[in-house]
Protein chains: 4
Amino acid sequence: MKEKNQVYSMRGSKAQQAPCRKTRRLRAMKRMNTPGSFVTTEFKSSLKHECGVFGIFHHPEAANLTYLGLYALQHRGQEGAGIVSSDGKKLYQERKHGLVSDVFHVGRLKRLKGHHAIGHVRYSTAGDDRLKNIQPLLIQYEQGPLSIAHNGNLTNAVYLKKQLEKQGSIFQTTSDTEIVLHLIAKSRLQTLEERIIEALKQVEGAYCFLFLTQDKLIAVRDPYGFRPLVLGAFDGNDACHVFASETSAFDLIDAKLIREVEPGEMISVSSDGMKSQKPFEPKPTKQCVFEHIYFARPDSFLFNENVYQVRTLMGKKLSQEQPATADIVVPVPDSGVPAAVGYAESSGIPFQMGIIRNHYVGRTFIEPEQAIRNFGVKIKLNPIRSILEGKSIVLVDDSIVRGTTSKKIVQLLRQNGAKEVHVRISAPPTIGPCYYGIDTPTKSELIASKNNIESIRKFIGADTLGYLSIEGMLSVFKDQKKYCTACFDDRYPFYPKD
Amino acid sequence: MKEKNQVYSMRGSKAQQAPCRKTRRLRAMKRMNTPGSFVTTEFKSSLKHECGVFGIFHHPEAANLTYLGLYALQHRGQEGAGIVSSDGKKLYQERKHGLVSDVFHVGRLKRLKGHHAIGHVRYSTAGDDRLKNIQPLLIQYEQGPLSIAHNGNLTNAVYLKKQLEKQGSIFQTTSDTEIVLHLIAKSRLQTLEERIIEALKQVEGAYCFLFLTQDKLIAVRDPYGFRPLVLGAFDGNDACHVFASETSAFDLIDAKLIREVEPGEMISVSSDGMKSQKPFEPKPTKQCVFEHIYFARPDSFLFNENVYQVRTLMGKKLSQEQPATADIVVPVPDSGVPAAVGYAESSGIPFQMGIIRNHYVGRTFIEPEQAIRNFGVKIKLNPIRSILEGKSIVLVDDSIVRGTTSKKIVQLLRQNGAKEVHVRISAPPTIGPCYYGIDTPTKSELIASKNNIESIRKFIGADTLGYLSIEGMLSVFKDQKKYCTACFDDRYPFYPKD
Amino acid sequence: MKEKNQVYSMRGSKAQQAPCRKTRRLRAMKRMNTPGSFVTTEFKSSLKHECGVFGIFHHPEAANLTYLGLYALQHRGQEGAGIVSSDGKKLYQERKHGLVSDVFHVGRLKRLKGHHAIGHVRYSTAGDDRLKNIQPLLIQYEQGPLSIAHNGNLTNAVYLKKQLEKQGSIFQTTSDTEIVLHLIAKSRLQTLEERIIEALKQVEGAYCFLFLTQDKLIAVRDPYGFRPLVLGAFDGNDACHVFASETSAFDLIDAKLIREVEPGEMISVSSDGMKSQKPFEPKPTKQCVFEHIYFARPDSFLFNENVYQVRTLMGKKLSQEQPATADIVVPVPDSGVPAAVGYAESSGIPFQMGIIRNHYVGRTFIEPEQAIRNFGVKIKLNPIRSILEGKSIVLVDDSIVRGTTSKKIVQLLRQNGAKEVHVRISAPPTIGPCYYGIDTPTKSELIASKNNIESIRKFIGADTLGYLSIEGMLSVFKDQKKYCTACFDDRYPFYPKD
Amino acid sequence: MKEKNQVYSMRGSKAQQAPCRKTRRLRAMKRMNTPGSFVTTEFKSSLKHECGVFGIFHHPEAANLTYLGLYALQHRGQEGAGIVSSDGKKLYQERKHGLVSDVFHVGRLKRLKGHHAIGHVRYSTAGDDRLKNIQPLLIQYEQGPLSIAHNGNLTNAVYLKKQLEKQGSIFQTTSDTEIVLHLIAKSRLQTLEERIIEALKQVEGAYCFLFLTQDKLIAVRDPYGFRPLVLGAFDGNDACHVFASETSAFDLIDAKLIREVEPGEMISVSSDGMKSQKPFEPKPTKQCVFEHIYFARPDSFLFNENVYQVRTLMGKKLSQEQPATADIVVPVPDSGVPAAVGYAESSGIPFQMGIIRNHYVGRTFIEPEQAIRNFGVKIKLNPIRSILEGKSIVLVDDSIVRGTTSKKIVQLLRQNGAKEVHVRISAPPTIGPCYYGIDTPTKSELIASKNNIESIRKFIGADTLGYLSIEGMLSVFKDQKKYCTACFDDRYPFYPKD
């Protein structure tokens, strides 16, 4: 029986935001910690991050530009944001829960003195006291202050933490990122670069790291290159270097893309200029295909391809692999739009925004006692009856995770008069979790891990259901061999270690 | 010379929100009052509202449903929200600045006891102390408590206020709505209905009012019918009646549309049922065409037409009146999307979401000292270079107000490689302000009031520029004679009175 | 049975504060409204104020000095504070719930422009939305802006309000003060002074009013002179005039006392200087003796006597009227201290601070499930066992209201080893409520209204109990006939009118 | 020249509070960090704490009682408060800046589950992000969660921290307390007790520690016994043990004092009962005499003496050593009161509360541009002219630190008519700083470190000045040899080590 005034939680996420819908759907069983309280728990091997990082060296407005860079990476993490800057002598840290535009105001930015800065947007549930989990982390160790920002997930974090604790290390956060700091602090090597290399040689997993000291910014991308990291510059300012998870951060601040930081590359920037090295054993490149499918911003140039174009091409390929006889093509907004445009163009079936996304969605909603049909979907998605009524519809989305949301959307279309609903997914069925930095449900929660397509179709109530094939998906890329497709084909490069 | 850390204000508006972009552009010279302070000023004849109202009578979850109704009307006002409920004995009021989902939480809703409620979303700048301007207003007068929610604008407010002050009335708000309360309190007639009629006969302007007492809900729409107001009901609950500015509010709560409240109609709902009367002198219907062009939500059914469909038809008509030779049709998102879809379909030129709207936009942005080109537009609109590069583009928008934003968007497209930019506006040129409830700039600020189309084209830097004609615009409606088009043709039904 | 985590409320008052202990004890049955909610209720004839007012005309730092003046009057009201200033053209208002030092910061004070200001500290329960009840009130009426600050209580408020509502007046606050504004707004006389006189002639009760317009400050004290109001000035600045409830406000800002505003006097200050008149029918002076007994600050000079000295003399008189054989004299801190010093000096029994007052007391306390003996008293009062143990004690306090607190204090002393406890009260038994501005319990709640002294002694558990006589109390004053003693002798000058 | 609206800071302290006036005066050159920002700085050897600790084992309302215990220790630290509780499985932490009654509400206390708890009140400047400096600290180390609360100061903290950093330790706080946690985490011994002993053997300084794990509470007092720590119990609950810095915490919760924790004693409480050991090399007892002079609460029983009584005896001794011919004895409230009572009783000169302390004092005050004479003192102290006028006064205080405040108080008395001011200090001249847990100015700031009594008299403008002698001070104690008097006689038991 239902409680009065049931709170319909948007599952812990800021829901105003288009690009993270999938992320939210993928995120499972997130324990809601009571805000403001802190409970010591076992280190969670399942704690994963989708995050965004930004760094800038030698610019008079380092903090201001980092703030804007983070704003342009907001879709990569809405739980918290932080910046650490350096004026050559000290490091300054500001961080808080919330969206970038809420976290930073003029006063906070002015406190971030200096010409160098790194920033981070974070994606994880957290109570007030978990402030300490918001990155960039900033520590004081033997050689002075050191800050770190991390996008990715370390798969041997549990193992490493145990080892370090046996040696007397005390952990302050529940983040895997802190492990790297301990390894660096414990290293007996001389330079920071040497210590970082020694530390990262012990680490397994997916990572893009930005490190900041008083006078140095170091960027490292793991040898597989799971997560994106780009290097940029400003016209007419050769001394300044910028790093970001996506090019969208460069576009906003008028920086230009120089190149990707390569898998396994470490770039160190100081007043002596920029130095690159590849200190790690080379590995096959395993760029995350999900970044293209739903995670990155459509205008970003990622792994040397434009995201919107990739999605449009996937939509076109999907229309060839999974054609449908229908009156209109309707996307699940916002992330389904590019694929739907491609599907429509390729199939000749007219494109219609038959569902409008509501961007006012807050964190939680209070549902009346007398339950409203499909409340959770209706709060975000507004179907347009005059468009849908009596129509046979191709509904384009980019993934089905548990199937429950897709089921509700199909119901919503039918309630608004849709005659037929043909669901088309612009990616292959998701059969396994990600261990490399995307927060996914466990295998057993993924509907495609245990059901064939016909079972899924029945569950979601579609007339027909079609997925893009793995080959079809890869066919849209220039270099098809450089992608990690483990969540679709179970071929994991390596597994987590406890 | 620029100040360091310049704050780039989103002009006082919550900017996360698609539907109000136009509104924001239309809103001019809004004075930013220091929050928390209060300055007594002359009554502003220019204070206008775009607002949304919702009312429900005889439902066990009156406040909860009003909250959801207001959420579905959020696009009509983002500055503040309020609900007044009645349990038959007392009225309960809750109101605050901010979005509906921020204003109301479980605790606040529980304090709103009873089976009847009215709510309001408001659109006006306001400091903390201006809380008292947030509606529904609630007063205590001779006959007990009375609450009011208003969408519209009274054009003889200045005159009436002076008259009332001469008789010793004290005004607590700067809102024109309070005038109606004073007229009712001063009336010597017996019933509330009689008093309301006597009061409204003295009033000129555009209005939809909802009144609530302990045991009665009264809805009134002005004789011209400028603003929309609909009547709804629940299946299986004949005693319950609902009112809303738009049908989107009914869809979310599973209420069904019964009919529009007619121009000049007063509907009174009590435990005795619903009574309708038309106590005012009849006037020609003057429904606001701008509600369809940009203000209402695309899924709403407004003045007996669906908004999305109207916009798509306007896009089609536009493509016929103002054809273009181009590679792609690109909307200015979000409000330009339906017209662009129509333009694309009618012209056969492929539709592309060549500009992505960023929905994380906060209230203000801090711009670096070294100004960024087109910062204000880039913070919200993300052009996709791979789509735009080398293309001849039809850019579809629904209005040009001052022209400055359009100019920046055209520049942005060119910076991202657009070969040609053909701007097409799915409405006629806006040459005059609105006096009937939409907050517009003064005549002199409207670029089309003093410039011909060629001058505007030059100003915004487009290759060609085409507007929809007034006839073309009206042609998409079933009943073309019932619309107010004063802002396009200067034929105002009446003028404000000082 | 007790609830877990019972919240021990300090009865809605800021309890850090010594001088208001009595006030809190006197305040009865205060309904706690849920904060942030608003319930329309009948106008409460029982709503009374103990408040403080401050005004200053023609000083370059009007708001800053008003802020300090209010701080020095903080003991007269801790619920909220406000200032309205004038720069000759406009009035500026800032007000908030809380202590003066919390309400005002540099930013708020800077917004209070101009050379004239009035301020108010308020003492009444209030939710968020009751902000509008915090004074000074500020309205816009026919002749422009008008602000008012009030200390006192109007006894025909209910009657006047009904009359005004019949004429169509709308009330925004539940405060009796607003009635005066309506009467002024309704007056057809020319000058503000004339209108105020006309208004106040209709009013009965106790009041000190400060009015502020753009260019005028008007102070009025009622013909009985119940509440104090003093006039001051600055050396070397003849144009500047200041008003305050007590001289403590002058001392802090280095102003000097000129004289009391006389009962029935209206002083009007403008750029033309100061004008005094006595427009009302003269009445016998009825200064509140309770101001001296507990309400005013000990260092204030009130009704031409110093408060501390009056209290010390009452203590001396008490020792003569009600001697005791004991080892030490111990005050109930803080307000009992001066009388205890006097009692000790006159009796020769040594004075000891045998109870220390804790000044960290917050608004509420959470009491454990397993109730703690005398928790409510122990949270504030810390007895010193080494002083009390084995001693016969004279416990000096200034009043017994319900008797429950006195009972707990006596118990506390006994628990800490007191051999005998002789309670001595430096005022007569309180047998009736105050209608003239002090918030007291109803008659039936006052223990002395229905019990003789022996019954009270038994109830509180003292070995002996002695009160000061009315004659003894009055004997310490220079002019004994000018005091209202109605709460002690039931001789009320007039009664409230419904 | 003065700035407009100068903010008169109460030097970073909550100033509502009597007992910490001295502390504030003693606190020097406290750098005000911008709130919310974090600057990495060198570890400050000068960072000292006056703090209070409370612990309870095996009580169903552990958190509630700890909250009350901390409230009763509030005078020992007003900057922040925290509690860590244990339910046998997990530790729960709640902490925040502010007073105990502000930090804890019902919700926070309910989150503190379990039957064991330790708490801490803290006294140090801190920004938002310095939350992590608020105790009890809580870490996760090899053997699980461990919490610590500390009152004291470690004099070899700088040295130990350097050593630990060389071994790769990362410090999260700037607190010396964290060092102990690292030493424990690094220990290879088996039991927590063994590890703590190993750790504390490396530590020099003054300390009372409370440690909490899931199932154990350990209390340790340093071998010199600088800071107080008492052990208590509840009648009828043998299994429950409580610890507190002062007995005032026991009185509020109805616990009874068992005994002091002895210098060098470690008490370990678990489900197996209580075990005591003295694992450290014995040292001469060096109880802090300043605890008695001003720091502790007057009703506390400290080092086996009652504080109020000690102060009264010091006042008596002072009157014998430093007699004066005068009309009245006036204390500087609140801390000077007991000594003044003693002085008056011994000398026969009448006691008068000639200065009233204002307990509404907030954190900062805005001083007008036109400076007010002795503003900083007047905001807190209200002289009573009618008492002081024409009198020869003995002004009793407990210390003179820099002399500037004493100078202002003397001026204030003279402005209020005092004929003569004879300053008497109930302690010897303070000539050196404290290294053992009380935050004092540097030696050069202490007026008595470089000036003889006549110079000080001249500086403060007194007619005569007399201090209590060291011998006189010690004479009031039962065991005079057990006190540290280093700040008076420069005989430090040991010095800080860098």
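Is D:Tyr436 buried or exposed, and at what relative accessibility? D:Tyr436 counts as buried, at 2% relative accessibility; buried means under 20% relative accessible area, exposed over 50%, and partly exposed in between (1.4 Å probe, protein chains only).

The legends below describe a predicted model, in which local features need pLDDT of at least 70, side-chain atom pairs count only at pLDDT 80 or more, and totals for chains, interfaces and linings use all residues. Residues are numbered from 1 along each chain as its sequence is written, chains are lettered from A and ligands numbered from 1 in the order in which they are written, and side-chain values use heavy atoms, with hydrogens and water left out.

**View 1. Chain A as a whole.** Chain A holds 18 helices and 26 strands; helices (H or I, at least four residues) and strands (E, at least two) are DSSP runs, numbered from the N terminus. Of its 498 residues, 69% count as buried. Among the contacts of chain A with a separation of 6 or more, 72% come from residues 24 or more positions apart, a contact being heavy atoms within 4.5 Å.

View 2. Chain A is superposed on chain B by a rotation of 180° with 0.0 Å of shift along the axis, at an RMSD of 0.0 Å. The two copies are thus related as by a two-fold rotation axis. The C-alpha of A:His359 is the one in chain A nearest the axis, at 3.4 Å. The superposition is by least squares on the C-alpha atoms of residues with pLDDT of at least 70 in both copies. Of the interface residues of chain A, 100% are also interface residues in chain B, so the copies meet through the same surface.

**View 3. The contact of chains C and D.** Chain D gives 64 residues to this contact and chain C gives 64 residues. About 5400 Å² is buried between the two chains, 59% of it from carbon and sulfur atoms. Chains D and C share 4 salt bridges, each a side-chain nitrogen of Lys or Arg within 4 Å of a carboxyl oxygen of Asp or Glu. A salt bridge joins the side chains of C:Asp254 and D:Arg373, at 3.6 Å from N to O.

View 4. C:Asp254 lies in the loop between α8 (248–252) and β13 (256–260) of chain C. Its phi is near 65°, a positive value in a residue other than glycine. At 26% relative accessibility, C:Asp254 counts as partly exposed. In chain A, A:Asp254 has a positive phi of about 65° and is partly exposed at 28% relative accessibility. Most residues other than glycine have a negative phi, and most peptide bonds are trans.

View 5. In chain B, a cis peptide bond joins B:Pro333 and B:Asp334, with omega about -5°. B:Asp334 is in the loop between β19 (328–331) and α11 (337–347) of chain B. The bond from C:Pro333 to C:Asp334 is cis as well, with omega near -5°.

**View 6. Helix α11 of chain A.** Helix α11 (residues 337–347) of chain A has 8 of its 11 residues buried, so it is largely enclosed by the rest of the structure. The buried residues include A:Val337, A:Val341 and A:Tyr343. The buried residues of α11(A) pack against α10 (307–321), β19 (328–331), β23 (392–397) and β24 (420–425) of chain A. Just after the helix, A:Gly348 takes a positive phi of about 80°.

**View 7. Aromatic rings.** Over all chains there are 74 aromatic pairs. Rings of Phe, Tyr and Trp (its six-membered ring) pair if their centres lie within 6.5 Å; planes under 30 degrees apart count as stacked, over 60 as edge-to-face and the rest as tilted. B:Phe477 and B:Tyr483 are stacked, 4.2 Å centre to centre with 25° between the planes, and both are buried. The ring centres of D:Tyr436 and D:Phe494 are 5.2 Å apart and the planes are at 65°, so this pair is edge-to-face. The pair links distant parts of the chain, 58 residues apart. D:Phe494 is buried, with a relative accessible area of 14%.

Technical notes:
Buried area = accessible area lost by both parts, 1.4 Å probe.
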